[in-house]
There are 2 protein chains.
Amino acid sequence: MGKPASPEAKPGATIYSVAEHAGVSIATVSRVLQGAAVVAEATRQKVLTAVDALGYVPLGAARSLAVRHHEAHGLVLPELSGPYYAELLMGFEARAAELDQSVVLVLTDSRTDLVAAVRQLATRVDAIAVFGSAAIPADVVRSLRAKKPVVVIAGEPHDGIEAVVAENVESARELAGHVLDHGRRRVLFVGDPDSGSDVRNRHAGYVAAHRDRGLDAAEPVRVALSEADGAAFARRLLAGEHEADALMCANDELALSIMTALQDAGRDVPGDVAVVGWDDVMTSRYVRPGLTTVRQPVHELGALAASRLHELVSGEPPREDAQMLPTQLVVRGSCGCT
Amino acid sequence: MGKPASPEAKPGATIYSVAEHAGVSIATVSRVLQGAAVVAEATRQKVLTAVDALGYVPLGAARSLAVRHHEAHGLVLPELSGPYYAELLMGFEARAAELDQSVVLVLTDSRTDLVAAVRQLATRVDAIAVFGSAAIPADVVRSLRAKKPVVVIAGEPHDGIEAVVAENVESARELAGHVLDHGRRRVLFVGDPDSGSDVRNRHAGYVAAHRDRGLDAAEPVRVALSEADGAAFARRLLAGEHEADALMCANDELALSIMTALQDAGRDVPGDVAVVGWDDVMTSRYVRPGLTTVRQPVHELGALAASRLHELVSGEPPREDAQMLPTQLVVRGSCGCT
DNA sequence: CAGCAGAATGTAAGCGCTTACATAACAAAG
DNA sequence: CTTTGTTATGTAAGCGCTTACATTCTGCTG
C-alpha cells in the first residue's frame, strides 16, 4: 500500500512494444510468456522486466486466433437459485480450472433470445455443456453439435450428443419403496414427469416401486418445481382436492414448501402425511422433521461435464450411453422414520 | 494476403468459404452478419443461405481481434455455496446479457494459483468485477486496474477502483437496536470484523447501536462465516465459554447453524437467547422461529456491477465514492418478536 | 446521352499473437 | 582452421475477422 504507484501501463502495450523494450524479437517474447521453448535465462529476465515495466497483458483473442482454439468451455444453465445449479457450476468451474479452461456462463432464464445467446456463446468457446432442461430447442443443440462438442447435463443422449446424469430410477424406486414400506398406501408423486428426464426417471422409479409390491401408482400431480408451485399444491391438498398419506416430491423445494404449508395448517408431518423430496438442499437438514430426500453428486456431475468436454475437444469420440453417477438416499424424519 | 489454403475444410467454415459459396466478398458476408451496413435484400439472402448450408459459426477471437475488444466481462467470486453469490451472479449475468456481454467466471476458492487465474482472465475480458473478499492481493487488483476497468463488489473503493456495496452500517445499527430494545443486554456479535468490509461495517453498526443507548458493546466473537464455524461456536457457548442473551451473527448461515444447535441442546430461541442473522437466505423463512435478518438487494448489486463495468469500458470515469444500495430489515420471530 | 450522385459491393490493410523455418553463435571434433 | 552439431534467437507467414477506401453499377438530370 505504501509502495509507489504501479508501473504506468501504456494502454496499448503489445508483444511488439515488449519486444522492443527488451531488445528482442516478438518470437522470443512469446516464447518466454508461453514457457514453451528454451530461452536463455538472461533473455528471459530482460523480457520479464519489460513485461511488467509496460504492464503488458496479452490479448487473449490474438492468441486464440493464432492457436485456433479458445481455451474456454461454455456452460448453459437455466438459472442459479437453489443450491443445485450453483453446486453444479462450482464443480464445472473447478474442473475447468484444472484443465486451464475459462468458463463462459449463460443463464437462459434471463434471456429473451435464447438461440441467439447460444449461437453467440458458440462463437467464443471450444465446447458447450447444456443443462437438460435449459430449454434449448433440440435442433439448435444438434446444429451446435455439428461445429462444437456438446454434452447434455441431466438429459438424454441423442444424435451423437452425449449426456452425463445422476442416477434417478433406482434411487427413486428405493425412496418410494421406503415410503410404501412405512405402510403408506396413497403415495402421490408431485412433479411433472414431462418437464425433463430427471423427473421422468424419478417418476418411473416411483411407479416401479409400486409395481414391485403389486400396488397401483396414482397419477402424478403435475406441478412445476418451485416453492410457489408447492404452496399452491398444498392449498389444493388442504382443500381436499387430493387424497394422500404420503407425498413424493420431485425436488426439495417443492417438498419443503408443501411440508411447511401443511404444518402451518395444523397437519402433522409425517403423522398425517409423509413428505419426501429430492436433492438434499441445505434447508432439508434444518426443517423439523428433517426432510428425507436423495443426495446427488452434483459437484461431481459438473466436474464430469467439464472433463468430458475437454476430452471431446481433444478428439475423443462421444460416448453412446449416458454416464451415470450414483445417488444416495438420505433418510431423516419426514418419511415416517423416527 | 488472399484466402486460406483449404477451401475444402467443411468443419472449418470461415467467412471466406461462406463468401465463396454465396458468390460475394467477405466484406459483404461480414456486413450481413453484423447487420451494420446496407446490403441488397437478394444478396443478404444468398449469404444467409450459404451460412447455414455450411453451418458457419464465426470465430469470436477473430472478431475480437479486429474490433479490439472482447465483449465480455469477468467476474471473480470466492465460491457459490449459499444463495448470496448465486444471486449476485444471476444479477450480473442478466445485466451483462442485456448489454450483450458474455460473462467469464472465476471462482477463487477452487484455484491454487489465484493470481495466475486473474491474469489469465484479464486476457480475455474487457473489464473485471472482483468480489471484495475474493482474496485477490490488493496490488494485483491495482495492476489490473492499469489495464482494464475494475470494480470491487462489497469492498472499499481505492486508488481509482470503484466499489459497489449494499448498505451495512445503518441497517446493522437498526438491527442491533431492535434486539437491544427487546431488553437484551448481552448481545454478542458473532463474526470477524476483519474478514471483510461487509462484516466490519455490520460490526460498526452494532457498536453504534450500543453507543446510541449508552451501552457497552462486547468484543466480537471472531469466527468465520460457515455453518461449521457456527456449530463450533454453539458448542463453546453451550459449554459456558460465552455469556449472552442475544447473538447478532454476521450472516444467516452462522445464525442458522447456531440457532439449530442451541435448540437441539434444549435451549429456547428466542426465550433463552435471541439470534439474528444477515442475508435472508431461503432457509431463514423455513426455520422456526423464523430468523430475523437483513435482506440485501443482491441481484441488483450484481447488476449494478455489470452496468458500471460497461460504463467504464465505454470510457466513463470511475466514481470516487462507493455506490450504495439500500437493505431491508426482515423481522421474524428469532429476535424475540412474536 | 454524357455526367454524376448515391447505393451496393469489392479490395486490402491491419488487429496481436504463435510457430515453422531460417539464421547466427558458439563449442567440440576432425 | 574448417566442419558439424547444438542452442538461442530472429523472420515472416498466417489465424479469420472488420472496415476505410476504392470501385462498379444504378438511375437520374440537364
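## Two helices in chain B

Angles under 35 degrees count as roughly parallel, over 145 as roughly antiparallel, 65 to 115 as roughly perpendicular and the rest as oblique. In this predicted model, helix H1 (residues 15–22) and helix H2 (residues 26–34) of chain B pack at about 100°, their axes 8 Å apart. H1(B) and H2(B) are therefore roughly perpendicular to each other. Axes here are lines fitted to C-alpha atoms, for helices over the stretch in contact, with angles from 0 to 180 degrees between N-to-C directions.

H1(B) brings B:Ile15, B:Tyr16, B:Val18, B:Ala19 and B:Ala22 to the contact, while H2(B) brings B:Ile26, B:Thr28, B:Val29 and B:Ser30 (contact: C-beta atoms, placed from the backbone, within 7 Å).

## A sheet in chain A

Turning to chain A, three strands form an open parallel sheet in the order E6-E7-E8. Strands pair if DSSP finds at least two bridges between them; helices (H or I, at least four residues) and strands (E, at least two) are DSSP runs, numbered from the N terminus. E6 (187–190) and E8 (274–276) of chain A are the edge strands, each pairing on one side only. Neighbouring strands are turned by 15° on average, direction ignored.

Three bridges link E7 (residues 246–249) to E8 in chain A; A:Leu247 has A:Val275 as its bridge partner in E8(A). Helix H8 (residues 169–181) of chain A packs on the sheet, touching E6, E7 and E8 of chain A, and its direction makes about 170° with that of E7(A).

## Reading the numbers

Residues are numbered from 1 along each chain as its sequence is written, and chains are lettered from A and ligands numbered from 1 in the order in which they are written. Because the model is predicted, local features need pLDDT of at least 70 and side-chain atom pairs count only at pLDDT 80 or more, while totals for chains, interfaces and linings use all residues.

Terms used
Two residues are in contact if their C-beta atoms, placed from the backbone, lie within 7 Å.
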